[in-house]
Amino acid sequence: CSFLLTAVFLLTAVLPALAEQNGTSSIPESRQLPRVVDDADLLDDFEEDKLLFRLNDISERQQCDVVIVTVYSLDGKSAEAYADDFYDYNGYGMGSGDDGILLLVSTEYRDWALTTYGYGMTAFTDAGIEHIVERFKPDLSEGNYADAFECFAKLCDKYLSQAKTGAPYDTGN
């Protein structure tokens with residue numbers, strides 16, 4: 001009985017460490033969120049489901065998470081810091097580099113931010129991000145959230161494909 005208890009104790013102590021070494025997420029399942037989190041309730045259920053389907057398709061096909069998050073409050077943080085933390089602490093990122101891009105929209109001060117990780121930093125250059133923002137921001141400003149988010153998704157898909165050719169969207173490309 002003592003041997004069995006010792007074996008169980010060792011397994012419960014060692015397995016989480018082994019899982020983390022093997023690249024398995026150490027983020028609790030309850031914090032592994034979908035690619036659309038509409039806490040500010042800017043989309044109706046149909047729009048949210050359609051967008052989630054689109055982002056899941058792009059992310060899986062491109063092997064780079066494309067995420068959209070809406071919140072009311074930034075809890076005293078800057079939009080950039082909130083977006084970075086949200087990405088880090090909620091299970092986002094694909095592959096060993098945690099590849100991805102996240103668009104955060106906050107309604108409190110009508111603020112937004114983009115954050116990129118891993119391959120997302122290669123695929124989405126400063127010039128590329130500037131162009132994406134120029135394209136979706138008018139719809140965002142007008143309150144056409146579904147259109148703004150669809151534009152963002154479409155351009156993310158396009159820029160990920162372009163980056164895979166070795167020439168990501170940039171001032172020279």
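Helices here (H or I, at least four residues) and strands (E, at least two) are DSSP runs, numbered from the N terminus. The model is a predicted one, so to speak of local features takes a pLDDT of at least 70, side-chain atom pairs count only at pLDDT 80 or more, and totals for chains, interfaces and linings use all residues. Residues are numbered from 1 along each chain as its sequence is written, and side-chain values use heavy atoms, with hydrogens and water left out.

To start with the overall layout, the protein chain has six helices and four strands. Along the sequence they come in the pattern α-β-α-β-α-β-β-α-α-α. Of the 173 residues, 38% count as buried, where buried means under 20% relative accessible area, exposed means over 50%, and partly exposed lies in between (1.4 Å probe, protein chains only). Contact means heavy atoms within 4.5 Å. Among the contacts in the protein chain with a separation of 6 or more, 63% come from residues 24 or more positions apart.

The four strands form an open sheet in the order β1-β2-β3-β4, with mixed pairing. At its edges stand β1 and β4, each with a single partner strand, so one side of each has no neighbour in the sheet. From one strand to the next, the twist averages 10 degrees. Two strands are said to pair if DSSP finds at least two bridges between them. In general, strands of a sheet pair through backbone hydrogen bonds, either parallel or antiparallel.

On one side, β2 pairs with strand β1 (residues 36-38) in the parallel sense over three bridges, and D38 stands opposite T70. To get from β1 to β2, the chain passes through helix α2 (residues 45-62), and this β-α-β crossover is left-handed. A crossover is called right-handed if, with the strands pointing away from the viewer, the path from the first strand over the helix to the second runs clockwise.

Strand β3 (residues 100-106) also runs parallel to β2, and seven bridges join the two. L102 in β3 is the bridge partner of V67. Together with helix α3 (residues 79-89), β2 and β3 make a right-handed β-α-β unit. Helix α3 holds Y82, which is buried, with a relative accessible area of 13%. Leaving aside neighbours within four places in sequence, Y82 is in contact with V71, S73, L74, D75, K77 and L104. The C-alpha atoms of Y82 and S106 are separated by 9.7 Å, though these residues lie 24 residues apart along the chain.

Then comes helix α5 (residues 126-141). Its 16 residues reach 21 Å from first C-alpha to last, close to the 22 Å expected at 1.5 Å a residue; the expected span is 1.5 Å times one less than the number of residues. There is a kink of about 35 degrees at R135, shortly before the proline P138, the bend at a residue being the angle between axes fitted to the seven residues ending there and the seven starting there. The buried residues of α5 include A127, H131 and F136, and the buried set packs against β3, β4 (111-117) and α6 (145-164). Just after α5, G143 takes a positive phi of about 85 degrees.

As for how the helices sit on the sheet, α5 lies across β3 and β4 and runs at about 150 degrees to β4. Helix α6 packs on the sheet too, touching β2, β3 and β4, and its direction makes about 155 degrees with that of β2. For these angles, axes are lines fitted to C-alpha atoms, for helices over the stretch in contact, and values run from 0 to 180 degrees between N-to-C directions. The 20 residues of α6 should span 28 Å at 1.5 Å a residue, and its end C-alpha atoms are 29 Å apart, which agrees. Among its buried residues are Y145, F149, F152 and Y159. The buried residues of α6 pack against α2, β2, β3, β4, α4 (119-123) and α5. After α6 comes G166, whose phi is positive, near 95 degrees.
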